[in-house]
Amino acid sequence: MPKNDLYLKALAGEPVPRPPVWMMRQAGRYLPSYLKLQEKYDFFTRCETPELVAQITCLPIDEIGPDAAILFSDILVVPRALGWDIEMKPGVGPVIDKPISSVDDAMRVRKGDVQESLGYVMDGIRATKDQLDDRVPLIGFSGAPWTLLCYMIEGQGSKDFAKAKAFCYQHPEAADHLLSLLTDVIIDYLNAQVEAGVHAVQVFDSWAGLLGPDDFNTLAMPWLKKISEEVKGVPVVLFAKGAWYALERLAWRTNASALSIDWTVSPEYARQATRREVTLQGNFDPSRLLSPIPEIRKQVKRMIDRFGKDRYIVNLGHGILPNIPVDNARAFVDAVKGYGA
Ligand code: 1CP
């Protein structure tokens, strides 16, 4: 059990002296120490080398001091393990070679052996646990089926993922096949992460908000529900970004311990929709970390007052932005640590 167990207590719904805090994408590209490694090793080398995974995962723990570590990896390691060549282009993001463009392409995808093809992630987890030395819990993660399907069809990031959505409307059976297969792969992958030692897992459905409530019910909800039920042994956190309308369903019909929410949802609405069924995580607007530091402190206190200190994990509403000064990130974390003092 990690010495700092605030995050795990909040997930279990146990009372805490103050809420835990961590930041989505905290191990990433706003940290000067990370940027130095970026010059030396390409992206997937960083993900595949256990010593680098451990080192990068621990950078924010040493430099900023959050109450949980998130494994350094990426959601796109899953399509990569299924056979796609993916390049992480600096300034552009992921670019997938030969994305899915036909029913035949979709039907040809096979599940494969995750334990083997993603074994390097599990090696990374073990190396990270050694280096963390039980200071804070380690969070594992995966992309959600819908969000991974978006990239596998679109081939790269997009504002609206119009190609991916069109494919689902034109070929619902092929989309269903893909989503179901991805769900099975993700369940195996997350259970393997649990076996390697992560204390909780988070599922990122970053593009859930592109779906209306009805489409969410077919393209996202069943798969998130199944993942939350079949990942065993640790709490599951679901982040369906933008899907505020699904909060109630996600709280009551899935097995999630916590829901992560973006900044477009008020704490009062989120609490009312989910009542005391789940822990809530979020939802500071990442751009607000560019405010003057006294204002960050004030806003963090206000946010905790509104959510309440229990059954709550302080976080951003999405990943930290590359242009955030490290001092501001630290002020955010310190403001939480000083809450109630
Ligand atoms: O070279 C680099 O550093 C590129 C930037 C980068 C980093 C630091 C990418 C490319 N991925 C990552 C790591 C990463 N990705 C983590 C590790 C932990 C951490 O940084 O703290 C995690 C949890 C992710 C998850 C991820 N990747 C998501 C889900 C979360 C979210 O932000 O919505 C998504 C959508 C991705 C895809 C991805 N990877 C990288 C980029 C630039 C993108 C987004 C592409 C797009 O705009 O669609």
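Predicted model: local features only at pLDDT ≥ 70, side-chain atom pairs only at ≥ 80, totals over all residues.
Q: How is the lining of the largest cavity divided by class?
A: Eight of its residues are nonpolar, two are polar and two are charged. Lys and Asp count as charged, and the lining includes K241 and D262; Gly counts as polar, and G242 is among the lining residues.

Q: Which residues line the second largest cavity, and how do they divide by class?
A: The lining consists of V78, A81, L82, K111, V114, S117, L118 and V185. Helix 5 (77–81) and helix 7 (114–117) are the elements that give two or more residues to it. By class, six of the lining residues are nonpolar, one is polar and one is charged.

Q: What makes a space a pocket rather than a cavity, and what is the volume of the largest pocket?
A: A pocket is an open set of points with protein on both sides within 12 Å along at least five of seven lines, whereas a probe in a cavity cannot get out. The largest pocket has a volume of about 1300 Å³. Among the 41 residues that line this pocket, R25, R29, D74, M88 and P94 are the closest to its centre. Strand 2 gives the most to the lining, with four residues. The lining of the largest pocket divides into 22 nonpolar, 12 polar and seven charged residues.

Q: Which element gives the most to the lining of the second largest pocket?
A: Helix 16 does, with four residues. This pocket has a volume of about 240 Å³, and its lining has five nonpolar, three polar and four charged residues.

Q: How do you know that strand 8 is mostly covered?
A: A residue is buried when its relative accessible area is under 20%. Six of the six residues of strand 8 (residues 279–284) are buried, and the strand is accordingly described as mostly covered.

Q: Why are strand 7 and strand 8 said to pair, and in which sense?
A: Two strands pair if at least two bridges are found between them. A258 stands opposite T279 in strand 8. The chain crosses from strand 7 through helix 15 (residues 267–274) to strand 8 in a right-handed β-α-β crossover.

Q: How do you know that strand 8 and strand 9 pair?
A: The criterion is at least two bridges, and strand 8 and strand 9 (residues 312–316) have five, in the parallel sense. The bridge partner of L280 in strand 9 is Y312.

Q: Why does the span of helix 8 agree with its number of residues?
A: At 1.5 Å a residue, the 14 residues of helix 8 (residues 119–132) should span 20 Å, and the end C-alpha atoms are 20 Å apart, so the two values agree. Just after helix 8, D133 takes a positive phi of about 50°.

Terms used. Residues numbered from 1 in each chain as written. Heavy atoms only, no water. Buried < 20%, exposed > 50% of the residue type's maximum accessible area, 1.4 Å probe, protein only. Right-handed = clockwise from strand over helix to strand, strands pointing away. Expected span 1.5 Å × (residues − 1). 1 Å grid on protein atoms, 1.4 Å probe; cavity = no way out; pocket = protein on both sides within 12 Å on 5 of 7 lines; lining within 4 Å. Points joined across faces, edges and corners; volume = space filled by probe spheres on them.
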